[in-house]
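Dear colleague,

Please find below the structure that I would like to hand over to you.

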Amino acid sequence: MTILFYIFAAVTILAALNMVLQRTPVYSALSLIVVLCSLAVVYLLLGAEFMAVLQVIIYAGAIMVLFVFVIMLLNAGHEVPSHRSRIAKWLGAPLMGAFLVEMLVTIRDQFPTTPAATAAHLDGSPAAIGHLLFRSYVLPFEVTSILILVAVLGAVVLAKKDF
Amino acid sequence: MVPLSHYLALSVILFVLGAAGFIFRRNIITIFMCIELMLNAVNLAFIAFSRSLGNLDGQIFVFFVIVVAAAEAAVGLAVIIALHRNRESLNIEDVDSMKM
């Protein structure tokens, strides 16, 4: 179990790094799919079976297919490097590094030896999630359906020919 | 047993990679994928805390984040298609003016 986490954490970080460094969007999309699938394995290790399956089906399945479809539809090729925004280059990297170091130090100080599972057992099965979703969170769930309806309408209107 | 801090560290590293890509990339589709990477980093933190606290509410939040990400991807990619039709470009530096 322990070794599995470190293997998949390494795969996730390497794939994410590859995604950010690639200049061709299709390669980035494929790396992102690797990231999503290995994160699903990490979710499984955390006992969140339903979320792991959802991650693979919705994220790696539906959303990334949409991405790859649009990349191929628009024929997105090599990214042209530009030198117009120097502020991102000179200010962005130090700020990102500072943020990373600060967050890692905070995590180390706040949770020095907290084990990942302080509770004895956590049921991440679809039944348990469903009970919670349709009892405590039924209003957000219904609002979500309206959100998806609006998103579908918006996507159709925006992608229409004469917009 | 893997400590909680390692899960959170992985989450932070993924988030910073996504944010760095958001700043340094110029292709609008890649930038969009970096946003998805940041959302996933937050999801990982939610699930790790959910496991640590023995509380399922974190996983419900992940559920909602995934739903919002799906809606966002549908609308965002439609915007990108409309943009590409009008500007013939996917470089964000070609779309920095508000009027055509």
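The notes below take each chain in turn, then the contact between them, and end with one residue.

Please bear in mind throughout that this is a predicted model.

Chain A

Chain A contains 6 helices and 0 strands, so that its pattern along the sequence reads α-α-α-α-α-α. Its radius of gyration is 20 Å, whereas the globule rule gives 15 Å for 163 residues; chain A is therefore more spread out than a compact globule. Along the principal axes, the C-alpha atoms of chain A fill a box of roughly 55 × 40 × 25 Å. Of the 163 residues in chain A, 26% are buried. Among the contacts in chain A with a separation of 6 or more, 57% are between residues 24 or more positions apart.

Chain B

Chain B has 3 helices and 0 strands, in the order α-α-α from the N terminus. Its radius of gyration is 17 Å, while a compact globule of 100 residues would have one near 13 Å. The box filled by the C-alpha atoms of chain B is roughly 55 × 25 × 20 Å along the principal axes. Buried residues account for 53% of the 100 residues in this chain. When contacts in chain B between residues at least 6 apart in sequence are considered, 48% of them join residues at least 24 apart.

How do two of these helices lie against each other? In chain B, the axes of helix α2 (residues 28–53) and helix α3 (residues 57–87) come within 9 Å and cross at roughly 175°. Because an angle over 145 degrees counts as roughly antiparallel, α2(B) is described as roughly antiparallel to α3(B). By class, the contact between α2(B) and α3(B) has 13 nonpolar, 5 polar and 1 charged residues. On the α2(B) side, the residues that meet α3(B) include B:Phe32, B:Leu39 and B:Phe46. On the α3(B) side, B:Phe61, B:Val65 and B:Ile80 are among those that meet α2(B).

Where the chains meet

Chain A gives 72 residues to the contact and chain B gives 59 residues. In chain A, each of the helices α1 (2–21), α2 (25–45), α3 (49–73), α4 (86–110), α5 (126–135) and α6 (138–158) supplies at least two residues of the side that touches chain B. The most comes from α3(A), with 10 residues. By class, that side of chain A divides into 57 nonpolar, 12 polar and 3 charged residues.

The nonpolar core

The largest nonpolar core has 69 residues, and B:Leu37 and B:Leu44 have the most contacts inside it. Both chains take part: two or more residues come from each of α1, α2, α3 and α6 of chain A, and from each of α1 (4–24), α2 and α3 of chain B. The largest share, 13 residues, is that of α2(B).

One residue in detail

Is A:Gln55 buried or exposed? A:Gln55, which lies in helix α3 of chain A, has 25 other C-beta atoms within 10 Å and is therefore buried; the cut-off for this is 20 or more. Leaving aside neighbours within four places in sequence, A:Gln55 is in contact with A:Leu36, A:Leu39, A:Ala40, A:Tyr43 and A:Ala60. One of these, A:Leu39, is 16 residues away along the chain, and its C-alpha atom is separated from that of A:Gln55 by 8.2 Å.

Yours sincerely,
A colleague

Note on methods. Residues numbered from 1 in each chain as written. Chains lettered and ligands numbered in written order. Predicted model: local features only at pLDDT ≥ 70, side-chain atom pairs only at ≥ 80, totals over all residues. Helix = DSSP H or I, 4+ residues; strand = E, 2+ residues; numbered from the N terminus. Rg over C-alpha atoms; globule rule 2.2 N^0.38 Å. Buried ≥ 20, exposed ≤ 12 C-beta atoms within 10 Å, placed from the backbone. Contact = placed C-beta atoms within 7 Å. Axes fitted to C-alpha atoms, helices over the stretch in contact; angles between N-to-C directions. Parallel < 35°, antiparallel > 145°, perpendicular 65-115°, else oblique. Nonpolar A, V, L, I, M, F, W, Y, C, P; charged D, E, K, R; others polar. Core = buried A, V, L, I, M, F, W, Y, C linked by C-beta atoms within 7 Å.
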